[in-house]
Amino acid sequence: MTSACPYCRCGFEPEEEALTCEACATPHHADCYAENGGCTVFGCAKAPADEPKVSISSADLSQARPAVAAAPPPPNPALTTSVAPPPRPPGAPPRIQVTEPAPERGLSFGGYSAVSHAPIAPYTRRRTRTNYVLLGVFLGGLGVHNFYAGYTKRAVGQMLLTLLSFFFLGWAAWIWALVEVCIVKQDGDGVPLL
Ligand SMILES: [Zn+2]
Ligand SMILES: [Zn+2]
């Protein structure tokens, strides 16, 4: 016999007489039993009949079990054969793969392409040549202008040249940047600088 009422989860006072369910012998407070309108044990025969969740009989449970259990029905060999997709006909033409021609490369020298054929997306954030020149003149030794324009490899090269030489070769990276400022007309995405 449990020591707590299943309805209110409270224990029974010593002077209080527990009302024991006739069907499942579960003790209840008399008030709790009356408030619930019957036994509060799930599935008990003395549970109130107007509450469907406590009045489910074993027959109802067995009927509801397929709906509750999400397991798929056992495979039917006759069904699986009809569901399977039809095999590809042997004479069907192979799927044609359209390959776009490689974009035409403009004249390039040392990786610096002179002409851009890249389409400009309308939503692309355009980099300005003014910013590129200013960054190259003042911070070109650290490759900042190339970071700005999207030439990450060149930017890292210039930054490492300056930093790894403890700025002794910073002048070289800076001259490199000045040359780039003069000849670079587009950013790393091939979009002309504004
Ligand atoms: Zn109670
Ligand atoms: Zn009961």
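Helices and strands here are DSSP runs, a helix having at least four residues and a strand at least two. The model is predicted.

**Exercise 1. Annotated segments**

Task: Find which residues the UniProt annotation "transmembrane region" covers, and state how much of residues 157-179 is helix and how much is strand.

Solution: 
- Step 1. Start from the record. The unreviewed UniProt entry places "transmembrane region" on residues 132-151 and 157-179.
- Step 2. Take residues 157-179. The chain there is 78% helix and 0% strand. The end C-alpha atoms are 15 Å apart.
- Step 3. Take residues 132-151. Here the chain is 70% helix and 0% strand. Its end C-alpha atoms lie 11 Å apart.

**Exercise 2. The site of ligand 1**

Task: Identify the donors of the zinc ion (ligand 1) and assign the geometry of the site.

Solution: 
- Step 1. List the donors. They are Cys5 (SG), Cys8 (SG), His29 (ND1) and Cys32 (SG), at 2.0 to 2.4 Å.
- Step 2. Check the angles. Those among the four donor atoms run from 96 to 120°. Four donors count as tetrahedral if all angles lie between 85 and 135 degrees. The site of ligand 1 is therefore tetrahedral.
- Step 3. Read the spacing. The donor residues follow C-x2-C-x20-H-x2-C.
- Step 4. Locate a distant pair. Cysteine 8 is in the segment before S1, and histidine 29 is in the loop between S2 and H1, 21 residues apart.
- Step 5. Cysteine 8 has 29% relative accessibility, so it counts as partly exposed. Histidine 29 has 8%, so it counts as buried.

**Exercise 3. The site of ligand 2**

Task: Do the assignment for the zinc ion (ligand 2): name its protein donors and its geometry.

Solution: 
- Step 1. The donors are Cys21 (SG), Cys24 (SG), Cys39 (SG) and Cys44 (SG), lying 2.2 Å from the ion.
- Step 2. The angles among the four donor atoms are 107 to 115°, and the site is tetrahedral. For reference, the ideal angle for four tetrahedral donors is 109.5 degrees.
- Step 3. The sequence spacing is C-x2-C-x14-C-x4-C.
- Step 4. Cysteine 21 sits in the loop between strand S1 (19-20) and strand S2 (27-28). Cysteine 39 sits in the loop between helix H1 (30-36) and helix H2 (58-68), 18 residues away.
- Step 5. Cysteine 21 and cysteine 39 are both buried.

**Exercise 4. Alanine 149**

Solution: 
- Step 1. Alanine 149 belongs to helix H5 (residues 144-149).
- Step 2. Glutamine 186 is 37 residues along the chain from alanine 149, yet their C-alpha atoms are separated by 8.0 Å.

**Exercise 5. Backbone and rings**

Task: Give the phi of phenylalanine 166 and of phenylalanine 167, then search for aromatic pairs.

Solution: 
- Step 1. Recall the background. Most residues other than glycine have a negative phi.
- Step 2. Phenylalanine 166 has a positive phi of about 55°. Phenylalanine 167 also has a positive phi, about 70°.
- Step 3. Phenylalanine 166 is in the loop between helix H6 (152-164) and helix H7 (170-183). Phenylalanine 167 is in the loop between H6 and H7.
- Step 4. Phenylalanine 166 counts as exposed because its relative accessibility is 68%. Phenylalanine 167, at 55%, counts as exposed.
- Step 5. The search of the whole structure finds zero aromatic pairs. A charge does meet a ring: the charged end of arginine 154 sits over that of tyrosine 151, 4.0 Å from its centre.

Terms used
Residues are numbered from 1 along each chain as its sequence is written. Chains are lettered from A and ligands numbered from 1 in the order in which they are written. This is a predicted model: local features need pLDDT of at least 70, side-chain atom pairs count only at pLDDT 80 or more; totals for chains, interfaces and linings use all residues. Side-chain values use heavy atoms; hydrogens and water are left out. Donors are N, O and S atoms within 2.8 Å of the metal (3.2 Å for Na, K and Ca); water is not among the atoms, so sites may look incomplete. Four donors count as tetrahedral if all angles lie between 85 and 135 degrees; four count as square planar and six as octahedral if opposite donors are over 155 degrees apart and all others between 65 and 115; anything else is irregular. Buried means under 20% relative accessible area, exposed over 50%, partly exposed in between (1.4 Å probe, protein chains only). Rings of Phe, Tyr and Trp (its six-membered ring) pair if their centres lie within 6.5 Å; planes under 30 degrees apart count as stacked, over 60 as edge-to-face and the rest as tilted. A charge sits over a ring if NZ of Lys or CZ of Arg is within 6 Å of the ring centre and within 35 degrees of the ring normal. UniProt positions are given in the numbering used here, feature names are shortened, and annotations may be inferred rather than shown by experiment.
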